[in-house]
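User: I would like to go through this model and ask what stands behind each label. Please set the values against the cut-offs.

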Amino acid sequence: MMDINELARVDEDSVFGGLAELNHEQVVFCHDQATGLKAIIGIHNTVLGPALGGTRMWNYASEKEALTDVLRLSRGMTYKAAITGLNLGGGKAVIIGDASTMKTEAFLRRFGKFVESLNGKYVTAEDVNMKTRDMEYISMETSHVTGLPENRGGGGDPSPVTAFGTYLGMKATAKKVYGNDSLTGKKVAVQGVGQVGMYLVEYLKKENAEVFISDINEDKLKKVAAEHGAKVVGMDEIYGLDVDIYAPCALGATLNDTTIERLKCQIVAGAANNQLKDEKRHGYMLMDKGITYAPDFLINAGGLINVYEEHLGNYNRERAYSTAEKIYDTCLSILNLSDSQGISPQEAAIQLAEKRIADIGRVKLSR
Ligand SMILES: NC(=O)c1ccc[n+]([C@@H]2O[C@H](COP(=O)([O-])OP(=O)(O)OC[C@H]3O[C@@H](n4cnc5c(N)ncnc54)[C@H](O)[C@@H]3O)[C@@H](O)[C@H]2O)c1
């Protein structure tokens, strides 16, 4: 299989090149003149189950950029579900446009009709710029939707479960690196104190870690600093801090040539998706610096676990937390595999995920 970073180099005009190289099953282009809807649904793999993944609405600079995003994101969902032991495939949708002006009821319901036309092969949920209210409109046209509000039988905000899983992944990595998983007295730099970051800070402070935070949003910084006694640092300063753990909880690609050079930590463990700018190269660059990386798609899987619980029916938050607890053991076994095989933790995680898909795929074909 081609390295994900090769995707950007696939022939500009070759849509099928991108699909074939990342092994996508199907990509659906949705267009509706009346509402102005332009969406792409990427179905990467459905061997383990229906392709569940959120819908992201973004003002993409080009259609090519939107396609690249949906291909990368849907592939990530396949691995996230597989490594977490869920019976789900990987999918994602992107809607091209301005979320602040275009999301009318008709627009969202038209998108719901497209989701419905796939007969459950793709199940949607929230992602960037999509809220539980939007899911309610989508649900008026399709039952293949999760992330509904709690008063509609849904699982509500998945962020606390994501933060819990990330915290356990961080502890498992500490166990591997320091021989015990206590974070007491450890210095942890949390980049981004949004929905996930603020809950993560709460877990860390409860365990008496020393927490440093950065964010572009001054109000969030003030609130989290006041509530949990975290120390505010500059947006750029966070990379060079003398800390034990760096937890990226804002955007992707913050682990790159420039930032890795500056890191002084022994562990990177955070919730952001696609933290490694170049999955392969930067995974190994961290290893060469002696920094242990907790694979992002594994330790941030709490949110997917939460919507999976909802998808199964009779949503039960306790069950979601108890499934998320398994992230600790899975993370440790991946770090051990990475050690024994001399490969990066990200590569080890992808290997394990692909093995589960292959094994279960054979079971499904057997008589
Ligand atoms: N919410 C979930 O359940 C969930 C699940 C899996 C993965 N994730 C990933 O975790 C990350 C955080 O998700 P969230 O739901 O907390 O999002 P959010 O939008 O609530 O929080 C992100 C925070 O990062 C801040 N930020 C943006 N750029 C920054 C920068 N350069 N430096 C410092 N802070 C910056 C924002 O101001 C915001 O407060 C995202 O990458 C998301 O894809 C979230």
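Predicted model: local features only at pLDDT ≥ 70, side-chain atom pairs only at ≥ 80, totals over all residues.

User: Which residue does UniProt list as "active site"?

Analyst: The unreviewed UniProt entry lists Lys-92. UniProt positions follow the numbering used here, feature names are shortened, and annotations may be inferred rather than shown by experiment. Lys-92 is found in strand β5, residues 89-96. Helices (H or I, at least four residues) and strands (E, at least two) are DSSP runs numbered from the N terminus.

User: Is Lys-92 buried or exposed, and why?

Analyst: A residue is buried if 20 or more other C-beta atoms lie within 10 Å of its own, exposed if 12 or fewer, and partly exposed in between, with C-beta atoms placed from the backbone. Lys-92 has 29 other C-beta atoms within 10 Å, so Lys-92 is buried.

User: What is Lys-92 in contact with, leaving aside neighbours within four places in sequence?

Analyst: Contact requires C-beta atoms, placed from the backbone, within 7 Å. On that basis Lys-92 is in contact with Gly-42, Gly-53, Gly-54, Val-70, Leu-73, Ser-74 and Met-77.

User: Which residues does UniProt list as "binding site"?

Analyst: The unreviewed entry lists Gly-192, Val-193, Gly-194, Gln-195, Val-196 and Gly-197. Gly-192 is found in the loop between β7 (187-191) and α7 (195-206). Gly-197 is found in helix α7.

User: Why does Gly-192 count as buried?

Analyst: Gly-192 has 25 C-beta neighbours inside 10 Å, so Gly-192 counts as buried. Gly-197 has 28 and therefore also counts as buried. Leaving aside neighbours within four places in sequence, Gly-192 is in contact with Gly-197, Asp-215, Cys-249 and Ala-250. With such neighbours again not counted, Gly-197 touches Val-190, Gly-192 and Cys-249.

User: What is the strand order of the open sheet of 6 strands?

Analyst: The order is β9-β8-β7-β10-β11-β12, with parallel pairing. Two strands pair if DSSP finds at least two bridges between them. β7 and strand β10 (residues 245-248) pair over 4 bridges, in the parallel sense. Ala-189 has Tyr-246 in β10 as its bridge partner.

User: What makes β9 and β12 edge strands?

Analyst: β9 (231-232) and β12 each have a single partner strand, so one side of each is left without a neighbour in the sheet.

User: How many C-beta neighbours does Tyr-246 have inside 10 Å?

Analyst: Tyr-246 has 28, so Tyr-246 counts as buried. Leaving aside neighbours within four places in sequence, Tyr-246 is in contact with Ala-189, Leu-263, Cys-265 and Val-268.

User: Why are the buried residues of α10 placed on the same side?

Analyst: In helix α10 (residues 279-288), Glu-279, His-282, Gly-283, Met-285 and Leu-286 are buried. They cover an arc of only 160° around the axis, which puts them on the same side of α10. The arc is that of the directions from the helix axis to the C-beta atoms. The buried residues of α10 pack against α9 (257-262), β11 (267-268), β12 (292-293) and α15 (345-365).

User: Which residues touch the most other members of the largest nonpolar core?

Analyst: A nonpolar core is a set of buried Ala, Val, Leu, Ile, Met, Phe, Trp, Tyr and Cys residues joined through C-beta atoms within 7 Å. Of the 107 residues in the largest one, Val-188, Val-190, Leu-200, Val-201 and Ala-247 touch the most other members. Domain 1 (10-77 + 89-145) and domain 2 (159-301 + 329-353) both give residues to this core, so the core lies between them. The domain bounds come from an automatic or database domain assignment. The domain centres, taken over C-alpha atoms, are 29 Å apart.

User: What is the phi of Asn-208, and why is Asn-208 called exposed?

Analyst: Phi of Asn-208 is near 60°, a positive value in a residue other than glycine. Asn-208 has 12 other C-beta atoms within 10 Å, so Asn-208 is exposed.

User: Why does Asn-274 count as partly exposed?

Analyst: Asn-274 has 18 C-beta neighbours inside 10 Å, so Asn-274 counts as partly exposed. Asn-274 has a positive phi of about 50°, although Asn-274 is not a glycine. Asn-274 is found in the loop between β11 and α10.

Note on methods:
Residues numbered from 1 in each chain as written. Contact = placed C-beta atoms within 7 Å.
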